[in-house]
Amino acid sequence: MSSDEGGGARGGLGAGGAGRGLWVEEPARLRRMPDSVRTSAVRAVLIVAVTLTQATIAFFLTLTGSWLALPMGLGAIAGTIVATWGVLDVLITRQTWNQRHGVLSEPSSTARSRRREARRASRTARTARETAAGRIPREDGPLAASGRYSTR
C-alpha cells in the first residue's frame with residue numbers, strides 16, 4: 001500500500017500534507033426545481049412506488065391463487081389511475097410555473113436591434129412632429145453657452 005492510498009500516518013491530513021478535504025463543494029449541473037414542481041414530483045414518485053409494490057403483490061397473490069388477489073388487483077388498477085394523475089400533475093405544475101415565471105430575460109441581438117430601430121423611428125417621428133409644429137429651439141438652455149448647439 002502506497003502513501004497515495006491513504007494508509008498509514010502520512011496519508012492523512014494531520015501529517016502536514018495538502019490533502020483533499022472530506023467535503024468538496026461542486027457546482028450544480030442543473031438548476032434546482034421550483035418548490036411546487038419538486039413537491040408534485042416527490043408526490044408522484046411515492047404514488048408510483050406504492051402502485052408498483054401493490055401490482056407486484058397482486059401478481060404474486062394471483063400466482064398463489066389467494067382470495068386477496070382480486071382486491072389487490074382492483075387496488076393496483078386504481079393505483080395506476082392515481083399514479084397517472086400524479087405524473088400528469090408534475091407536467092402541468094411544471095408548465096404552469098414556466099408560464100407564470102417565464103424564461104430568464106436575456107434579450108438576443110435581434111430583440112436588441114429591433115428595440116433600437118423602434119427607438120430610432122419614434123425619435124425621428126417626434127422630431128418631425130416638433131419641426132412641423134413650428135417649435136422654436138431655446139437659446140438660453142444649459143448647452144447654449146458652449147456654442148455648439150447655437151441656432152444662429
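**Entry 1**

I began with Asp35 and Arg38, which both sit in helix α1, three residues apart, or about one turn of the helix. I was working on a predicted model. I looked at the two side chains and found that Asp35 and Arg38 meet in a salt bridge, at 2.3 Å from N to O.

Next I checked how open each partner is. Asp35 has a relative accessible area of 52%, so I noted Asp35 as exposed. The cut-off matters here, because exposed means over 50%. Arg38 comes to 23% relative accessibility, so I put Arg38 down as partly exposed.

**Entry 2: a pair between helices**

How many salt bridges does a search of the whole structure find? I got two. Besides the Asp35 and Arg38 pair, I found the side chains of Asp89 and Arg43 joined in a salt bridge, at 2.7 Å from N to O. Asp89 belongs to helix α2 and Arg43 to helix α1, so this pair ties together parts that are 46 residues apart in sequence.

Is Asp89 buried or exposed? I read 18% relative accessibility for Asp89, so Asp89 counts as buried. The reason is that buried means under 20% relative accessible area. Arg43 has a relative accessible area of 35%, so I listed Arg43 as partly exposed.

**Entry 3: how α1 and α2 pack**

I then turned to the helices themselves. Two packed helices are described by the angle between their axes and the distance between the axes. I looked up both values. Helix α1 covers residues 35-64, and it packs with α2 at an angle of about 160°, the axes being 8 Å apart. That angle makes α1 roughly antiparallel to α2, because angles over 145 degrees count as roughly antiparallel. I also checked the hand of the crossing of α1 and α2, and it is left-handed.

**Entry 4: a nonpolar patch**

Which residues form a nonpolar patch on the surface? I listed Leu70, Leu74, Ile77 and Ile81. Together they have about 450 Å² of accessible area. Leu74 is placed in helix α2, which runs over residues 69-101. At 53% relative accessibility, I counted Leu74 as exposed.

**Entry 5: the whole chain**

Last, I stepped back to the protein as a whole. I counted three helices and zero strands. Along the sequence, I read the pattern as α-α-α. The protein has 152 residues, and buried residues make up 12% of them. Asp89 is one of the buried residues.

Conventions
Residues are numbered from 1 along each chain as its sequence is written. This is a predicted model: local features need pLDDT of at least 70, side-chain atom pairs count only at pLDDT 80 or more; totals for chains, interfaces and linings use all residues. Side-chain values use heavy atoms; hydrogens and water are left out. Patches are made of residues with over 30% relative accessible area and no salt bridge: like charges are joined within 9 Å, nonpolar side chains (Val, Leu, Ile, Met, Phe, Trp, Tyr) within 5 Å. Accessible areas come from the Shrake-Rupley method with a 1.4 Å probe; for residues, only the protein chains shown count as cover. A salt bridge is a side-chain nitrogen of Lys or Arg within 4 Å of a carboxyl oxygen of Asp or Glu. Helices (H or I, at least four residues) and strands (E, at least two) are DSSP runs, numbered from the N terminus. Buried means under 20% relative accessible area, exposed over 50%, partly exposed in between (1.4 Å probe, protein chains only). Axes are lines fitted to C-alpha atoms, for helices over the stretch in contact, and angles run from 0 to 180 degrees between N-to-C directions. Angles under 35 degrees count as roughly parallel, over 145 as roughly antiparallel, 65 to 115 as roughly perpendicular and the rest as oblique. A crossing is left-handed if the near helix is turned anticlockwise from the far one by less than a right angle, and right-handed if clockwise.
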